[in-house]
Amino acid sequence: LWAHRARALIIAFVVIVAGGSLLAYQGQRSLRINTQNNIVMLKREVNKLQRQAVRTSGTKRQAIEQNIRPLKSEISLLETQGQVIDVRTQLKNLRSTLNAAPPSQRGSLEEQVALYQAMSNRGIHYYNANANTGLSIVGSVFSGTALILFGLMAAGIASDRVSSELEGGTWGPLLLHAPRRVQEYWAKLAASLAVVWGFMAASAAGFFLLAGGLLGFGNPRMPVMIGVHYAKSGQSGMLTVPPQTFHVVSQLTYDAGTVGMAMLAMGTMTAIFIALSMLTRSTVFSLVVSAVLVISAVMAAVAARVAGWLAVLDPAVHLQLGAEWAGRLPIQYNLRALTLGHGAEVLALWSAAALVGGVAAAAGGRAGDPAPRSTRHGGSVPRVVAHATDADEAAWVAHQVWLAHRPGRRWAHLAVLA
């Protein structure tokens with residue numbers, strides 16, 4: 001498998017890891033430049049309005065001053081973006097805001113208070129919310145929609161593991177009895193999983209090293225919120241954060257967890273791809289179906305609005321197990337059922353179905369499967385000749401070899417199968 005896919009895997013690794021790291025670096029740089037440009041434009045607008053206010057009076061001047069206030073607020077907000085936040089000051093401000101907040105906003109404010117309190121407890125006194133690091137990039141990639149790229153890569157690896165041999169006529173001679181078929185199925189699955197998981201582990205290390213070199217490696221003790229629960233608002237129907245006990249883990253723990261969960265989810269998808277390859281017996285058809293299944297995760301938001309909880313049954317949606325663990329996926333799709341527990345159950349069911357289907361297809365085959373046949377011409381019908389002694393047999397074989405030798409034909413091209 002590695003011999004046939006090595007070049008494609010190396011290219012995919014460079015494109016995904018190097019491209020993703022450079023995009024993150026360029027995105028952060030562009031955000032900083034755009035913020036600075038916006039601040040300059042807003043300040044120019046404020047100066048212009050202030051000059052107009054000096055030349056006017058009465059209600060017109062009051063109207064101009066009212067227009068200046070939101071512009072100054074926006075400038076102040078933009079100037080704080082990308083700057084280091086004093087955790088203790090921010091925590092104090094959040095607690096003051098929480099005391100006067102209405103009940104509908106208390107949950108989200110308590111979540112922020114819990115996060116900044118965890119920073120303070122871990123000795124992190126300054127924080128930049130908009131700064132990406134090598135550690136945060138790993139967590140974002142392996143709990144985000146970037147996993148669709150890994151899913152498509154897994155589809156390309158696993159979808160033709162069996163169908164290509166069936167189409168090429170090399171599968172039948174290997175599998176002359178059912179036990180060997182099952183062993184070959186497990187071998188194909190294990191090889192595909194080893195390559196897919198190895199690629200993902202190498203990508204995680206690559207993201208950490210390359211993005212860390214460009215953006216900084218980050219603090220492994222930085223807290224990350226997990227297990228957030230949601231309630232549906234009665235008025236808008238949107239999900240909100242109710243008051244609850246909030247839990248945090250370190251950035252390093254979160255990264256390791258998201259990579260492991262992404263591997264488990266990709267293992268389910270790989271088992272599905274292998275089963276499709278065996279059941280359809282067509283490389284093109286299994287590859288197309290596998291790719292559509294992976295891409296269906298992009299349409300999950302639409303499916304959630306149309307089909308509701310039925311969208312939860314799509315295994316591709318649960319590629320982002322890490323986002324379900326953190327509690328981001330329910331907000332993204334406005335669907336409370338997208339939790340880590342439900343995601344694990346759905347993937348377990350799909351894994352069981354794929355394994356059962358793959359083993360059944362391997363052991364039983366199909367009715368009317370053709371017997372293995374040679375891809376070359378059958379040749380002449382062999383003759384069976386008996387001899388009285390070994391010496392007679394040796395003399396006869398030597399004579400047959402001499403007869404088979406033709407002018408221009410080398411003796412090294414002749415052989416005797418004994």
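In the protein chain, residues 24 or more positions apart account for 74% of the contacts with a separation of 6 or more, where a contact means heavy atoms within 4.5 Å. Please keep in mind that this is a predicted model: local features need pLDDT of at least 70, side-chain atom pairs count only at pLDDT 80 or more, and totals for chains, interfaces and linings use all residues. Residues are numbered from 1 along each chain as its sequence is written, and side-chain values use heavy atoms, with hydrogens and water left out.

The chain holds 16 helices and 6 strands; these are DSSP runs numbered from the N terminus, with helices being H or I of at least four residues and strands E of at least two. Of its 418 residues, 37% are buried, meaning under 20% relative accessible area with a 1.4 Å probe, protein chains only.

Let's look at helix 5. Because 7 of its 8 residues are buried, helix 5 is largely enclosed by the rest of the structure. Among those buried residues are Leu135, Ser136, Ile137 and Val138.

Ser136 brings us to the largest pocket, as it is one of the lining residues closest to the centre, together with Tyr127, Pro223, Val224 and Gln251. The volume is about 860 Å³, taken as the space filled by probe spheres set on grid points joined across faces, edges and corners. A pocket here is an open set of points on a 1 Å grid over the protein atoms alone, where a 1.4 Å probe fits, with protein on both sides within 12 Å along at least five of seven lines; lining residues have an atom within 4 Å of a point. The lining divides into 16 nonpolar, 13 polar and 2 charged residues. Elements giving two or more residues to the lining include helix 4, helix 5 and helix 10.

Now, helix 10 also meets helix 6. Their axes, lines fitted to C-alpha atoms over the stretch in contact, come within 9 Å and cross at roughly 35°. Helix 6 contributes Ala154 and Ala158, among others, while helix 10 contributes residues including Met266, Thr270 and Phe273. That contact has 9 nonpolar, 3 polar and no charged residues.

So where does Thr270 sit, buried or exposed? Thr270 is buried, with a relative accessible area of 0%. Leaving aside residues up to four places away in sequence, Thr270 touches Ala154 and Ala158, and also Leu189, Ser192, Leu193 and Val196.

Notes:
Buried means under 20% relative accessible area, exposed over 50%, partly exposed in between (1.4 Å probe, protein chains only). Ala, Val, Leu, Ile, Met, Phe, Trp, Tyr, Cys and Pro count as nonpolar, Asp, Glu, Lys and Arg as charged, and the others, Gly among them, as polar. Axes are lines fitted to C-alpha atoms, for helices over the stretch in contact, and angles run from 0 to 180 degrees between N-to-C directions.
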